[in-house]
Amino acid sequence: MATCLLVVLLGIVSSGFALVDMALMLWIFVSIAMFVFIALALRSKSKNQNPRRHFRRAGIAFVTGLALFFMFLAVPSDVEEPVDQTASADEDAEKVMEEATEESKEDSEEEEAAAEAEKEKEESIEAEKEASIEAAEEAAEKEKEESIEAEREKEESIEEASIEAEKEKEESIEAEKEASIEAKEESIEKAEAEKEKSIEEAEAKAEAEEEPVEEPVASKEGLIPVSLYRVVDGDTVNVIDDSGQELKLRLLLIDTPETVHPNKPVEPYGKEASARLTELLNAADQLYIEYDSGDKTDHYDRHLVYLYADDVSVHEVLLKEGLARVGYIYEQQRYLSEFRAAEQYAKDRGLGIWSIPGYVNEGGEGFNSEEPEPEPEPTGEPAISEPATSESSEAPEIFENCDHLRGTYPTGVEKGHLAYQPKMDRDKDGYACEVS
């Protein structure tokens, strides 16, 4: 107890000892006390003495020693001893210096710490910057890779679309080609069918026409017998009637290529038409003419008639053989439908004038002659001798009018001829009293 009280007193009086120091000293003194008391107890027991006396003395000695010990350690530290002022000043200066040094040291440490912190901060910023740069580079790289991937996918999609479009185009072309081939085959089949049909129709028509049927002619009533005088061209003939009068005939409803026109060249198939007409008329035993309703003559005083060699219509023969076309149509149209059928027969077979594409002027009258030929000589020989003329005489031949002149020169005369007179050349083309 005394020891404990002394330790507490020491702690109160002196601040130089820490709680740990006091506890250590307390433990030391208690240990010593215990050791002393045990030793005394053992001694007393061995001598059979009363231990209380020894304990009392030991306790007093122990407490006294403990008190002295504490006084020696604690009291001198609390008593202020006089000191030298110079030493004190030096000590203060040293203390100040130490404090300044410590402060500067602390400041330098703080500066170093601040510099270290700044450095760490800069390093952190640099690290963050590098990290952000790396992150940006990684993001840019990733974005670039994604862009490349997207571009590649786009190119692949475009390529696939192009391949698909090309495939569709090829399929479309193939389909069109197949459709075209099918259409062509159908067209060929249709054309062949139409051709076969037209051939069959033509053959049937030819068979029907080849039947021994007499050429359609008018009844014997109204036919006037005549004799051939001369053939001028394929559609113009001079004949002599029963009274001996010469008649200039213009065959109705047909037109043949020109051979003696003063202003036109000899046209293709013109000579053939004149020759065929001459052949038909010379081979016949009797010629007949037939008038139609309407005017009997034209403005050239030519008789408008249908001409027959025996019972055959020379009009239809020329039309069926492609040596004439239907034309010169006025009010006289008695046999127009029959003549149209005969013309179509030659046209379907491409005979004569129909063998030349575009030669027949189907939109109007006449023919489309392109290349002029030399002026022909009059075709056809007269069945009887022509009247004698004074053409060999050098004296001019005088005629009262064109009708009088045509009695000698049926086709008129050119300028320079002995019978030419300017008054008879009304159109001033150098040809007097020409026949159209």
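## A predicted chain, from surface to salt bridges

The protein chain exposes about 29,000 Å², and carbon and sulfur atoms supply 53% of that area. Accessible areas here come from the Shrake-Rupley method with a 1.4 Å probe, and for residues only the protein chains shown count as cover. A word on the model before going further: it is predicted, so local features need pLDDT of at least 70 and side-chain atom pairs count only at pLDDT 80 or more, while totals for chains, interfaces and linings use all residues. Residues are numbered from 1 along each chain as its sequence is written, and side-chain values use heavy atoms, with hydrogens and water left out.

**Overall picture**

The secondary structure comes to 8 helices and 10 strands; these are DSSP runs numbered from the N terminus, with helices (H or I) of at least four residues and strands (E) of at least two. Of the 436 residues in the protein chain, 29% count as buried. Buried means under 20% relative accessible area, exposed means over 50%, and partly exposed lies in between (1.4 Å probe, protein chains only). Taking contacts between residues at least 6 apart in sequence, 60% join residues at least 24 apart, where a contact means heavy atoms within 4.5 Å.

Strand E1 (residues 224–233) gives a handy example, as Ile 224 lies in it. Ile 224 and Ile 289 are 65 residues apart in sequence, yet 5.2 Å apart in space, C-alpha to C-alpha. Leaving aside residues up to four places away in sequence, Ile 224 touches Leu 287, Tyr 288, Ile 289 and Tyr 291. Ile 224 counts as partly exposed because its relative accessible area is 33%.

**A nonpolar patch**

On the surface, Leu 24, Trp 27, Ile 28, Ile 32, Phe 35 and Val 36 form a nonpolar patch with about 630 Å² of accessible area together. Patches are made of residues with over 30% relative accessible area and no salt bridge; like charges are joined within 9 Å, and nonpolar side chains (Val, Leu, Ile, Met, Phe, Trp, Tyr) within 5 Å. One member, Ile 32, has its place in helix H2 (residues 19–47). Ile 32 is partly exposed because its relative accessibility is 40%.

**Rings and charges**

The structure holds 5 aromatic pairs. Rings of Phe, Tyr and Trp (its six-membered ring) pair if their centres lie within 6.5 Å; planes under 30 degrees apart count as stacked, over 60 as edge-to-face and the rest as tilted. One of the pairs is Tyr 328 with Tyr 330, edge-to-face at 4.7 Å centre to centre and 90° between the planes. Tyr 328 counts as buried at 13% relative accessibility, whereas Tyr 330 is partly exposed at 42%. Another pair, Tyr 335 and Phe 339, is tilted, with 6.2 Å centre to centre and 35° between the planes.

Arg 250 lies over the face of Tyr 328, at 3.8 Å from the ring centre, and the charged end of Lys 320 sits over the ring of Tyr 345, 5.1 Å from its centre. For a charge to sit over a ring, NZ of Lys or CZ of Arg must be within 6 Å of the ring centre and within 35 degrees of the ring normal.

**Salt bridges**

A search of the whole structure finds 10 salt bridges, each being a side-chain nitrogen of Lys or Arg within 4 Å of a carboxyl oxygen of Asp or Glu. Among them are these:

| Salt bridge | N to O distance |
|---|---|
| Arg 276 and Glu 279 | 3.3 Å |
| Arg 340 and Glu 343 | 3.9 Å |
| Glu 362 and Lys 347 | 2.7 Å |

Glu 362 lies in the loop between H7 and helix H8 (402–406) and Lys 347 in helix H7, so this pair ties together parts 15 residues apart in sequence. Glu 362 is exposed, with a relative accessible area of 54%, and Lys 347 is partly exposed, with 33%.

Arg 276 and Glu 279 are about one helical turn apart because they are 3 residues apart in helix H5 (residues 270–283). Arg 340 and Glu 343 are likewise separated by about one helical turn, being 3 residues apart in helix H7 (residues 336–349). Arg 340 is partly exposed at 40% relative accessibility, while Glu 343 is buried with a relative accessible area of 10%.
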